Each structure stands twice: as C-alpha cells, then as structure tokens.
Amino acid sequence: MTEEFNAERSRGTSNNFRTLQNTPLDEEDHAEAQIDNSGDVDSYDDDEEEEDEDKEPVGLGVLEKPENSWSLQRKLFPRKAGGTPAWLDPVNLPTGRSCLCDFCSKPLQFMLQVYAPLTEKDSTFHRTLFIFMCTSMACLLKDQHEQWKRNQDKPSRSVKVFRCQLPRYNSFYSSESPKNNGKDKPSSAGAVLCGWCGTWRGDKVCGSCRRVHYCSEKHQAVHWKSGHKRRCLPSSISQDASEPSNNRTLRGVQEVASNGLWPEYEIAITDECEDKVSDDNGQVNLLISSSRVDESIEALIDSFGGEDDKKSWASFQERISRTPEQVLQRCCRKTWPTSSGQPSKADIPKCNYCCGQRTFEFQVLPQILYYFGVENDAQSLDWATIAVYTCESSCDGNVAYKEEFAWVQIASQSSTTQR
C-alpha cells in the first residue's frame, strides 16, 4: 500500500526527487574543497572527479503552469513555486521572527516548496521543504556577510528554509493516496492566514470589520492604504461575518489582496539531458539573461577574482545550457557557479534541534527570477545559486516547521565574503 501511495503522489516525476537521498557533508567535502588550519577553503580541481560528476543522475525542476485550478492545493502534496505556500501542516505554522527578514523585519515572501518524502522513517512519509526570502537585494547582501559567521546562536538571515514532515497516519490527510480528480479534500481546516500575503498565520484582525486577518502590522497597514480602507465594513453589517474564517480556509477560498506575490507555477521534475545543448529560437539566451549574464556578461566575468572563478562560471553555464529552463537541480554534488564563496564543512551549521550534521539536498538557480518577472538591474534581487542543507537524519520533535540552512552564492563574492 505504501508503494501505491508513493507511486500515485509522485506520478510523472523522476526517481531523483521521488525520495530524495541526502549527500553527507563529510563525503562531498573531499571532492569540493581542501581546508587548511586557518579554516580557509582552497579551490579544488580534479578532472577525474568532474568526469564522475557528469555521470551522476541529475534531477531538474522546471516550471509549468498548473493544468487545473486544484493541482497545487496542499491535499495533493505539490511541488510549486510562487503564489502562496501549500503548508503541509496547515495549523502549526512558523511564528514570530521566523517569518521575518532579520534585517528589514518585513515578512518573508514565499519562493518555492519541494515535496521530498523519505522512505527510511515512518515520520517522513510526507516531507516538504519550503524556501522564503526577502525581496530586497540590500538585505541579501547583508545576508552574505552573516552566513560566513560560524557558531551563531541566532544568525540573521534574509533567506530561510523550513522542513515539515508527517507520518502516513495523521490528523490532516487521508492515509489513502489522493485521487487527483479535483475531489480530494483535506481532513481538517488550516490556520487562518494573512489576508494580504496569504502566507503566514493571521493572528491579527481588522478592528473594524473583524473579517480580515493579518500576519503583521506592516501588512495590515499596506492593505489599508491599498484599498481596504474604502471597502472595510463594520462587523455588524458585514455579510460574511457569520462564517468562521477557518471554514473559508477549509473550502480553499481564502482571498489574497497583495498583487506583489510571485506568479504561481508547478515544479515538474525531469532528468538532465546529458548531451543536449538547446538552441530553440534563442530561448537559451532569453533564459540565461535571467541569471544576469546577458548584456553584462563581460563586466560580470571581469569582476571575478581569478581564473578559477571564470572556469567555474563557464562550466556552470555549459551545464545549465543542457536544460536552460531549469530552476532547481538535485544531484549528489552541487554545481557551484564560482569557485570563490563555496562553503567548507565548518561553514554549514549543525541541526538546531538534534545537533546532527546537515547535508546538501538541492539547489535553486537564478532562472526562477525570469519566471517571477524580476527586473534585471543593479538593485534587483539576484544570486548565482542557493544551496539547501537539511538535517541528515531528518530529525523529529515537537516543532512542526524546523528551520534548516541555505547557503547563498552571488555572482561575485569579492565584495561580500567575510570570515
């Protein structure tokens, strides 16, 4: 029965993502970097290792518009990008400063989620990883300084990753596989969400209409200025005030007022084409431009610290040109765009909950910014890659959403790397 459930919920995906297998740090470090006594990382160059890497299976995530309006609802355990998250545990959501950028204190925006169940444990029958980030490039640059600081109790970040997992038998979903026909229903309602962003728990409520909930005073204020002030009706005459908010979330009709969310896509999983370099009507150039290497390619390469960076960048571009529309990459080793700015084993903090090692799981490529419609200018959000590390044992515990770790590499580390 378990095999039937896994086959149904993973229909149309490759084995590379059906059950993600993590890569232990102590294995990959020998292939990526040599660390001297000072803690610095020396570049590592081994043609034999590169040949082995090319032979490893690579699972790629590409974005597609969902075929049906219900395809990305949480009861179907989706892999998705943009829009609002499909929370796996819809009740016990992250709260407090976990939801905020640690630099500007604004609520983080949802980027993507990957459904990545593990078969080794009953408690990871359902398992999803969520990535959120601040949309400010200024905050991301500050993040670069912070991620190099080791042994911090409460690091400041503008990119945050959460891991949530559930056993097969839980209070939120049926133990049977979903039918994928639009008639699947969750077993219980979720938490009331913010009426502006539709992302975080709406613990605050409009004092007048008592109908719209908010995750923060910032979102309440921006919604008021953007039009809620004109439409706000006292609760005594509100037509929908008699319907509990959790009923509306159970029916899946929660309204989101913000027009600043990134467009919503389904993440489809495919295998890397080893020998294909696409030249379909200039689509490669169009997508590569989203990673900020179009008209500014020469200036970008000149900004690299040395020949190792240029070699790494060329290899990275050649690798992604095989499937230029990819936004997500999963293999046993990471594809670093530049040699500088790569973390050592000591730079990846241990799990906050069990103190175990964290392992590499997947990386997010900047092509996703093209799909999100992010402008290509100096102040716009940009990165070279985001590598996600998670607890090697995918530990359990009382916290529903455990914060994991993201290592962000931008195109040039020369002005941001701090030790």
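Strands here, like helices, are DSSP runs numbered from the N terminus (E, at least two residues, for strands; H or I, at least four, for helices). Before going further, keep in mind that this is a predicted model, where local features need pLDDT of at least 70 and side-chain atom pairs count only at pLDDT 80 or more, while totals for chains, interfaces and linings use all residues. Residues are numbered from 1 along each chain as its sequence is written, and side-chain values use heavy atoms, with hydrogens and water left out.

β13 (residues 385–391) and β15 run antiparallel and are joined by 5 bridges; two strands count as paired if DSSP finds at least two bridges between them. Strands of a sheet pair through backbone hydrogen bonds, either parallel or antiparallel. Zoom out and you find an open sheet of 11 strands with antiparallel pairing, in the order β14-β7-β6-β5-β4-β10-β3-β11-β12-β13-β15. β14 (402–403) and β15 stand at its edges with a single partner strand each, so one side of each has no neighbour in the sheet.

Does that leave β15 enclosed or open? Strand β15 (residues 405–409) has 5 of its 5 residues buried, so the rest of the structure largely encloses it. Buried means under 20% relative accessible area, exposed means over 50%, and partly exposed is in between (1.4 Å probe, protein chains only). In a regular strand the side chains alternate between the two faces of the sheet. In β15, Phe405, Trp407 and Gln409 point one way while Ala406 and Val408 point the other, and all of them are buried.

Elsewhere in the sheet, β6 and β7 are paired antiparallel through 8 bridges. There, His126 sits opposite Leu166 of β7.

The buried residues of α5 (residues 137–147) are Met137, Cys139, Leu140, Asp143, Gln144, Glu146 and Gln147. They cover an arc of only 165° around the axis, which puts them on the same side of α5; the arc is that of the directions from the helix axis to the C-beta atoms. Their cover includes β6 (126–133), β7 (159–166) and β15, judged by contact, meaning heavy atoms within 4.5 Å. At the start of α5, a side-chain oxygen of Ser136 comes to within 3.2 Å of the backbone nitrogen of Ala138.

Asp309, Ser312, Trp313, Phe316, Gln317, Arg319 and Ile320 are the buried residues of α10. Those residues cover an arc of only 160° around the axis, which puts them on the same side of α10.

Phe77 is in the loop between β3 (59–64) and β4 (80–81), and has a positive phi of about 55° although it is not a glycine. Phe77 is also buried, at 6% relative accessible area. Ser105, in the loop between β4 and β5 (109–115), likewise has a positive phi, near 65°, without being a glycine. At 26% relative accessibility, Ser105 is partly exposed. Then there's Ser216, in the loop between β9 (213–214) and α6 (217–231). Ser216 is buried, with a relative accessible area of 10%, and, leaving aside neighbours within four places in sequence, is in contact with Pro107 and Lys204.

How many disulfides does the structure hold? The count is 0, taking a disulfide as a pair of cysteine sulfur atoms within 2.5 Å. For Cys101, the closest cysteine sulfur is that of Cys104, 3.7 Å away and too far for a bond. Cys395 is in no disulfide either, with the sulfur of Cys351 the nearest, at 3.7 Å. Cys101 is buried at 0% relative accessibility, and Cys395 is buried at 7%.

Finally, the whole chain. It has 11 helices and 15 strands, and 53% of its 419 residues count as buried. Among contacts between residues at least 6 apart in sequence, 76% join residues at least 24 apart.

Conventions
A polar contact is a pair of N or O atoms within 3.5 Å; within protein, one must be able to donate a hydrogen and the other to accept it, and residues adjacent in sequence count only if both atoms are side-chain atoms.
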